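Okay, shall we start? I'd like to walk you through one model today, so let me put it up on the screen.

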Amino acid sequence: IASRLATLACGRATIMDGLGRVRASAPPDLQPAAVARRMREPEVAGLVDLVNRDHQRHMHDFGSQQLIASPVMAELEVLGCVVLEASESEPDGVPEVLVDSAALIASTVFVREQAREEGNLRRRVDLLESLLNGELRASAAQSQELRPPFQLAVGGMSCLRGQGPAGAQPA
(Lines give C-alpha, C1' and ligand atoms only; values in the text may rest on other atoms or scores of the structure.)
Protein backbone atom coordinates (compact mmCIF):
# COMPACT_ATOMS: atom_id res chain seq x y z
CA ILE A 1 0.00 0.00 0.00
CA ALA A 2 2.78 2.41 1.00
CA SER A 3 4.85 1.77 -2.12
CA ARG A 4 1.84 2.20 -4.40
CA LEU A 5 0.89 5.46 -2.68
CA ALA A 6 4.46 6.78 -2.87
CA THR A 7 4.64 5.95 -6.57
CA LEU A 8 1.29 7.49 -7.46
CA ALA A 9 1.81 10.65 -5.39
CA CYS A 10 5.54 11.03 -6.15
CA GLY A 11 6.45 11.29 -2.49
CA ARG A 12 7.22 9.37 0.69
CA ALA A 13 4.47 7.30 2.26
CA THR A 14 4.35 5.85 5.76
CA ILE A 15 1.71 3.66 7.36
CA MET A 16 1.65 3.65 11.15
CA ASP A 17 -0.39 1.52 13.54
CA GLY A 18 -2.35 2.79 16.53
CA LEU A 19 0.70 2.51 18.78
CA GLY A 20 2.75 4.82 16.56
CA ARG A 21 4.90 2.04 15.11
CA VAL A 22 5.87 2.26 11.45
CA ARG A 23 4.24 -0.69 9.70
CA ALA A 24 5.28 0.17 6.14
CA SER A 25 7.10 2.94 4.32
CA ALA A 26 8.15 3.79 0.81
CA PRO A 27 10.37 4.38 -1.05
CA PRO A 28 12.31 1.41 0.29
CA ASP A 29 15.70 3.15 0.13
CA LEU A 30 15.09 4.70 3.56
CA GLN A 31 16.20 2.88 6.70
CA PRO A 32 13.34 1.93 9.09
CA ALA A 33 15.04 3.78 11.95
CA ALA A 34 15.23 6.96 9.86
CA VAL A 35 11.54 6.72 9.00
CA ALA A 36 10.64 6.19 12.67
CA ARG A 37 12.73 9.24 13.64
CA ARG A 38 11.00 11.31 10.97
CA MET A 39 7.58 10.31 12.32
CA ARG A 40 8.63 11.54 15.79
CA GLU A 41 9.69 14.97 14.54
CA PRO A 42 7.47 17.74 15.98
CA GLU A 43 5.69 18.75 12.77
CA VAL A 44 4.85 15.17 11.76
CA ALA A 45 4.01 14.03 15.30
CA GLY A 46 1.76 17.06 15.79
CA LEU A 47 -0.10 16.34 12.57
CA VAL A 48 -0.55 12.66 13.49
CA ASP A 49 -1.80 13.63 16.98
CA LEU A 50 -4.33 15.99 15.40
CA VAL A 51 -5.54 13.22 13.07
CA ASN A 52 -5.84 10.78 16.00
CA ARG A 53 -7.82 13.32 18.05
CA ASP A 54 -10.45 14.42 15.54
CA HIS A 55 -10.42 11.42 13.14
CA GLN A 56 -10.12 13.64 10.06
CA ARG A 57 -7.56 14.04 7.29
CA HIS A 58 -5.20 16.97 7.82
CA MET A 59 -2.49 18.55 5.73
CA HIS A 60 0.25 21.03 6.40
CA ASP A 61 2.65 22.83 4.09
CA PHE A 62 6.30 23.23 5.10
CA GLY A 63 7.81 25.35 2.36
CA SER A 64 8.11 23.07 -0.65
CA GLN A 65 7.02 20.00 1.36
CA GLN A 66 3.42 19.06 1.97
CA LEU A 67 2.38 16.61 4.70
CA ILE A 68 -0.96 14.85 4.40
CA ALA A 69 -2.16 12.51 7.14
CA SER A 70 -5.35 10.45 7.14
CA PRO A 71 -6.61 8.13 9.89
CA VAL A 72 -6.95 4.38 9.40
CA MET A 73 -10.40 3.80 10.88
CA ALA A 74 -12.64 0.87 11.74
CA GLU A 75 -16.02 2.17 12.89
CA LEU A 76 -15.10 4.77 15.52
CA GLU A 77 -11.70 3.30 16.40
CA VAL A 78 -8.46 4.75 15.02
CA LEU A 79 -6.24 1.81 14.06
CA GLY A 80 -3.41 3.89 12.67
CA CYS A 81 -2.49 6.64 10.26
CA VAL A 82 -1.26 7.07 6.67
CA VAL A 83 1.22 9.90 6.16
CA LEU A 84 2.30 11.22 2.77
CA GLU A 85 5.18 13.64 2.29
CA ALA A 86 4.84 15.17 -1.15
CA SER A 87 7.32 17.60 -2.64
CA GLU A 88 4.75 19.56 -4.62
CA SER A 89 1.25 20.56 -3.73
CA GLU A 90 -1.28 19.52 -6.36
CA PRO A 91 -4.14 21.98 -6.81
CA ASP A 92 -6.53 19.24 -7.96
CA GLY A 93 -6.63 17.36 -4.64
CA VAL A 94 -5.36 14.06 -6.03
CA PRO A 95 -2.84 13.44 -3.20
CA GLU A 96 -5.57 13.86 -0.58
CA VAL A 97 -7.80 11.33 -2.35
CA LEU A 98 -4.86 8.93 -2.69
CA VAL A 99 -4.08 9.18 1.04
CA ASP A 100 -7.72 8.62 1.96
CA SER A 101 -7.91 5.59 -0.35
CA ALA A 102 -4.71 4.15 1.12
CA ALA A 103 -6.16 4.61 4.62
CA LEU A 104 -9.30 2.68 3.63
CA ILE A 105 -7.24 -0.17 2.20
CA ALA A 106 -4.98 -0.20 5.27
CA SER A 107 -8.05 -0.40 7.51
CA THR A 108 -9.11 -3.66 5.87
CA VAL A 109 -5.61 -5.08 6.40
CA PHE A 110 -5.53 -3.96 10.05
CA VAL A 111 -9.01 -5.36 10.76
CA ARG A 112 -8.09 -8.69 9.14
CA GLU A 113 -4.93 -8.90 11.28
CA GLN A 114 -6.90 -8.00 14.40
CA ALA A 115 -9.50 -10.70 13.66
CA ARG A 116 -6.76 -13.28 13.10
CA GLU A 117 -5.09 -12.39 16.41
CA GLU A 118 -8.41 -12.51 18.27
CA GLY A 119 -9.15 -15.93 16.75
CA ASN A 120 -5.74 -17.26 17.82
CA LEU A 121 -6.23 -15.89 21.33
CA ARG A 122 -9.71 -17.42 21.57
CA ARG A 123 -8.39 -20.83 20.45
CA ARG A 124 -5.63 -20.70 23.06
CA VAL A 125 -8.07 -19.71 25.81
CA ASP A 126 -10.42 -22.55 24.84
CA LEU A 127 -7.53 -25.02 24.82
CA LEU A 128 -6.30 -23.85 28.22
CA GLU A 129 -9.81 -24.12 29.68
CA SER A 130 -10.22 -27.66 28.35
CA LEU A 131 -6.82 -28.65 29.73
CA LEU A 132 -7.67 -27.21 33.13
CA ASN A 133 -10.97 -29.12 33.09
CA GLY A 134 -9.12 -32.36 32.40
CA GLU A 135 -10.36 -32.68 28.86
CA LEU A 136 -8.22 -33.25 25.82
CA ARG A 137 -9.69 -32.85 22.40
CA ALA A 138 -8.45 -35.43 19.91
CA SER A 139 -7.77 -32.71 17.38
CA ALA A 140 -5.62 -30.80 19.91
CA ALA A 141 -3.59 -33.90 20.73
CA GLN A 142 -2.80 -34.50 17.08
CA SER A 143 -2.16 -30.90 16.07
CA GLN A 144 0.47 -28.37 17.04
CA GLU A 145 -1.83 -26.75 19.62
CA LEU A 146 -0.20 -28.67 22.46
CA ARG A 147 3.16 -26.98 22.43
CA PRO A 148 4.99 -26.39 25.69
CA PRO A 149 3.78 -25.55 28.33
CA PHE A 150 0.52 -27.30 27.32
CA GLN A 151 2.27 -30.62 26.63
CA LEU A 152 1.75 -31.63 30.22
CA ALA A 153 -0.21 -34.59 31.50
CA VAL A 154 -3.89 -33.81 31.35
CA GLY A 155 -6.22 -35.02 34.06
CA GLY A 156 -8.62 -33.97 36.75
CA MET A 157 -7.29 -32.54 39.98
CA SER A 158 -8.83 -33.24 43.35
CA CYS A 159 -7.86 -32.57 46.93
CA LEU A 160 -7.82 -35.53 49.29
CA ARG A 161 -8.89 -34.58 52.78
CA GLY A 162 -6.30 -35.21 55.42
CA GLN A 163 -3.54 -36.02 52.91
CA GLY A 164 -1.76 -32.64 53.07
CA PRO A 165 1.27 -31.69 55.20
CA ALA A 166 0.93 -31.87 58.96
CA GLY A 167 -1.29 -29.12 60.31
CA ALA A 168 -2.50 -28.00 56.86
CA GLN A 169 -6.20 -27.36 56.46
CA PRO A 170 -7.92 -28.92 53.45
CA ALA A 171 -9.02 -26.50 50.76
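A bit of bookkeeping before that. This is a predicted model, so to speak of a local feature I need pLDDT of at least 70, and side-chain atom pairs count only at pLDDT 80 or more, while totals for chains, interfaces and linings use all residues. Numbering starts from 1 along each chain as its sequence is written, and side-chain values use heavy atoms, with hydrogens and water left out.

We have five helices and five strands; helices here are DSSP runs of H or I with at least four residues, strands are runs of E with at least two, and both are numbered from the N terminus. Going along the sequence, the pattern reads α-β-β-α-α-β-β-β-α-α. Of the 171 residues, 29% are buried, where buried means under 20% relative accessible area, exposed means over 50%, and partly exposed is what lies in between, with a 1.4 Å probe and protein chains only. The accessible surface comes to about 11300 Å², and carbon and sulfur atoms own 54% of that; these areas come from the Shrake-Rupley method with a 1.4 Å probe, and for residues only the protein chains shown count as cover.

Touching, or contact, means heavy atoms within 4.5 Å.

Let's follow the pairings. β1 and β5 run antiparallel and are joined by seven bridges, and Gly11 has Ala86 as its bridge partner in β5. Between β4 and β5 there are nine bridges, again antiparallel, with Ala69 partnered by Val83. Those two strands make a hairpin with two residues between them, and Glu75 in the turn has a positive phi of about 55°. The pair β3 and β4 (residues 65-74) is antiparallel over five bridges; Met59 is partnered by Ile68, and His60 stands opposite Leu67.

Which of its residues are buried? Ala2, Leu5, Ala6 and Ala9 are. They span an arc of only 100° around the axis, so they sit on the same side of α1; the arc is taken from the directions that lead from the helix axis to the C-beta atoms. Those buried residues pack against β1, β2, β5 and α4. On the other side of α1, Arg4, Thr7 and Leu8 are exposed. After the helix comes Cys10, with a positive phi near 55°.

Last stop, the serines. Ser70 is in β4, a strand with eight of its ten residues buried, so it is largely enclosed by the rest of the structure. Ser70 itself is buried, at 5% relative accessible area. Its side chain makes a polar contact of 2.8 Å with the side chain of Asp100; a polar contact is a pair of N or O atoms within 3.5 Å, where within protein one must be able to donate a hydrogen and the other to accept it, and residues adjacent in sequence count only if both atoms are side-chain atoms. Leaving aside neighbours within four places in sequence, Ser70's contacts include Val51, Arg57, Cys81 and Ala103.

Ser107 is in helix α4 (residues 94-132). Buried or exposed? It counts as buried, because its relative accessibility is 9%. The Ser107 side chain reaches the backbone oxygen of Leu104 at 2.6 Å. Not counting residues up to four places away in sequence, Ser107 touches Val72, Met73 and Leu79.

Note on methods: Two strands pair if DSSP finds at least two bridges between them.
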